[in-house]
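Dear colleague,

Here is the structure I promised to pass on to you. My notes on it follow below, and I would be glad if you could read them with the model open.

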Amino acid sequence: IAQENVFKIGLILPMTGQQASTGRQIEAAAKLYMAQNGDTVAGKKIQLIVKDDTSIPDVTKRLAQELVVNDKVNVLAGFGITPSALATAPIATQSKTPQVVMAAATSSITQASPYIVRTSFTLPQAAVSMADWAPKNGIKTVVTLVSDYGPGLDAEKYFKERFQFNGGQVPESLRVPLRGPDFAPFLQKVRDLKPDALFVFVPSGAGAAVMKQFLERGMDKAGIKLIGTGDVTDDDQLNDMGDGALGVVTAHHYSTDHPSALNAKFVEAFGKANSGLRPNFMAVGGYDGMRVIYEALRASKGQGGGDALLAAMKGQIFESPRGPMFIDAQTRDVVQNIYMRKVERKNGQLYNVEFAVIKDVKDPGKAK
Ligand code: DHB
């Protein structure tokens, strides 16, 4: 096929290292989208080029540069963690290449380049929803525990501000390193402070370690509830967390258990193609990111460059496995429902079961 009839998507993901589950989920979801929707759009053959950045931002940046300059990709996509998304932003701007952020979730990412469009979520969306729910449900004092980088700082700030506004108290805010965290000394401190609840943000893949240590230290028996954004009860790991996870309430935009016909189909097809793997919130960000790219290519009839694609990404509105989804044309960020969920056992498996919905949540970080 002639090069001008190929449309290239450079998908940069952490395929190895601490964030590898994010890469595995998003790659699987992107491939599923292509298998279901074909690899030809507007007369162009779609080529997916997957690169492993090991979640090191300097590597992400170098790979993005090579993909743009050597491979001449039409779109950059993926971005497992915030530093990787931010490192790539200047390349997207200079080369006028749309950068579809499928995972990273710090509010400010979309402001780093006018070429960034996000299909994941923002930490303020989830944190504020939890801060509204908790005080109405008997939780008056909360200690926060977050990974010490962009999304964790967003989660801490937006949870704390709204929870205090709602009359709650936050006696202590703890931060753990992103790389190789040891939660034990922090959890000991929380035990001593004995708040009604511990609010946690850790990135996808780290939730099981928090849960294990929380239970080992008998925090639940000491009357401290675990709450957080849905990253901590990540569907990629939840089923292996054991009965200790039962009852944990989180706020998030996607649950494998989301009750819709579209999601049931998505979960089934994803499992079938990946020996039973459960799609988590990273997978849905990748799947919807591919949708945004395909529809932008279709709408621009395969003729435009980066600017035409970007224009066709803005304002897209569609049903996602997560529920209704909208790419705000002004902010290029996702507007979506946030669900309150509780871990329950269903058909022998642990799920985040949705019990309330906050509709059409815009990123609270953009209002400021
Ligand atoms: C980010 C990474 C995650 O794994 C997650 O669950 C949320 C946010 C990030 O780096 O932005």
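A polar contact, as the term is used here, is a pair of N or O atoms within 3.5 Å; within protein, one of them must be able to donate a hydrogen and the other to accept it, and residues adjacent in sequence count only if both atoms are side-chain atoms. Please keep in mind that this is a predicted model, in which local features need pLDDT of at least 70 and side-chain atom pairs count only at pLDDT 80 or more, while totals for chains, interfaces and linings use all residues. Residues are numbered from 1 along each chain as its sequence is written, and side-chain values use heavy atoms, with hydrogens and water left out.

Asp 231 instead uses a polar side-chain atom, which lies 2.5 Å from an oxygen atom of the ligand.

The chain is assigned two domains (bounds from an automatic or database domain assignment), with domain 1 covering 3-121 + 259-332 and domain 2 covering 124-252 + 338-366. Their contact (heavy atoms within 4.5 Å) takes 31 residues from domain 1 and 30 residues from domain 2, although their centres, taken over C-alpha atoms, are 27 Å apart. Together they bury about 2,100 Å², 47% of it on carbon and sulfur atoms; buried area here is the accessible area (1.4 Å probe) that two parts lose on being put together, summed over both.

Between the two domains there are 14 residue pairs in polar contact, with both residues at pLDDT 80 or more. On the side of domain 1 that touches domain 2, helix 1 (20-37) gives the most, with four residues; helices and strands are DSSP runs, numbered from the N terminus (helices H or I, at least four residues; strands E, at least two). Three salt bridges (a side-chain nitrogen of Lys or Arg within 4 Å of a carboxyl oxygen of Asp or Glu) cross this interface. The side chains of Asp 328 and Lys 362 also meet in a salt bridge, at 3.8 Å from N to O.

The structure as a whole holds 19 salt bridges, including that between Asp 235 and Arg 278, at 3.0 Å from N to O. Asp 235 lies in the loop between strand 10 (225-229) and strand 11 (249-252) and Arg 278 in the loop between helix 8 (261-273) and helix 9, so this pair ties together parts that are 43 residues apart in sequence.

With best regards
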